[in-house]
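Subject: the structure you asked to look at

Hi,

Here is the structure I promised to pass on. Have a look at it first, then read my notes below.

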Amino acid sequence: METSEIKQILENALELDEVIVSGEGSHYQVIAVGAMFDGMSRVKKQQAVYAPLMSHIATNAIHALSIKAYTPEEWARDKKLMSL
């Protein structure tokens with residue numbers, strides 16, 4: 001899968017302000033930012049991002065997926081810390 005395909009799937013399925021996908025082969029990293037994550041535990045945030053990608057994980061098109069999900073406020077704070 002291409003990173004652009006993963007990004008498109010997430011943008012279509014979830015109400016996100018920003019999606020950053022990196023990686024190659026079948027190993028990917030996703031940063032998802034959206035108000036939908038407000039009040040969710042880390043596990044619930046990751047489950048929300050995994051859900052639209054499950055069919056691709058099942059076929060092994062995506063073998064490994066690292067997810068970081070943020071509210072816009074968390075992302076603004078963490079982005080400064082990471083100097084992105």
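Let me start with a definition: two strands count as paired if DSSP finds at least two bridges between them. Strands (E, at least two residues) and helices (H or I, at least four residues) are themselves DSSP runs, numbered from the N terminus. With that in hand, look at Val21, which stands opposite Val30 in strand 2.

Two notes on where this comes from. It is a predicted model, where local features need pLDDT of at least 70 and side-chain atom pairs count only at pLDDT 80 or more, while totals for chains, interfaces and linings use all residues. Residues are numbered from 1 along each chain as its sequence is written, and side-chain values use heavy atoms, with hydrogens and water left out.

Strand 1 (18–24) and strand 2 (27–33) pair in the antiparallel sense over seven bridges. Gly23 is opposite Tyr28 in strand 2, and Glu24 has His27 as its bridge partner there. The two strands form a hairpin with two residues between them, and Gly25 in the turn has a positive phi of about 65°.

Why is strand 2 said to be largely enclosed by the rest of the structure? Because five of its seven residues are buried (buried is under 20% relative accessible area, exposed is over 50%, and partly exposed is in between, with a 1.4 Å probe and protein chains only). Tyr28 lies in this strand and is buried, with a relative accessible area of 2%. Not counting residues up to four places away in sequence, Tyr28 touches a list of residues including Met1, Ile6, Val21, Ala64 and Leu65 (contact means heavy atoms within 4.5 Å). The C-alpha atoms of Tyr28 and Ala64 are separated by 6.2 Å, although these residues are 36 apart along the chain.

The core

The largest nonpolar core has 17 residues, and those with the most contacts inside it are Ile6, Leu10, Leu16, Val30, Phe37, Val49 and Leu65. At least two core residues come from each of helix 1 (3–13), strand 1, strand 2, helix 2 and strand 3 (64–70). A nonpolar core here is a set of buried Ala, Val, Leu, Ile, Met, Phe, Trp, Tyr and Cys residues joined through side-chain atoms within 4.5 Å. Leu65 touches Tyr28, Val30, Tyr50, Leu53 and Ile57, again leaving out residues up to four places away in sequence.

Lys45 is in helix 2 (residues 42–50) and counts as buried at 8% relative accessibility. Its contacts, beyond four places in sequence, are Phe37, Met40, Ala69 and Glu74.

Most residues other than glycine have a negative phi. Asn60 is not a glycine, yet has a positive phi of about 70°. Asn60 sits in the loop between helix 3 (54–58) and strand 3, and is partly exposed, with a relative accessible area of 47%.
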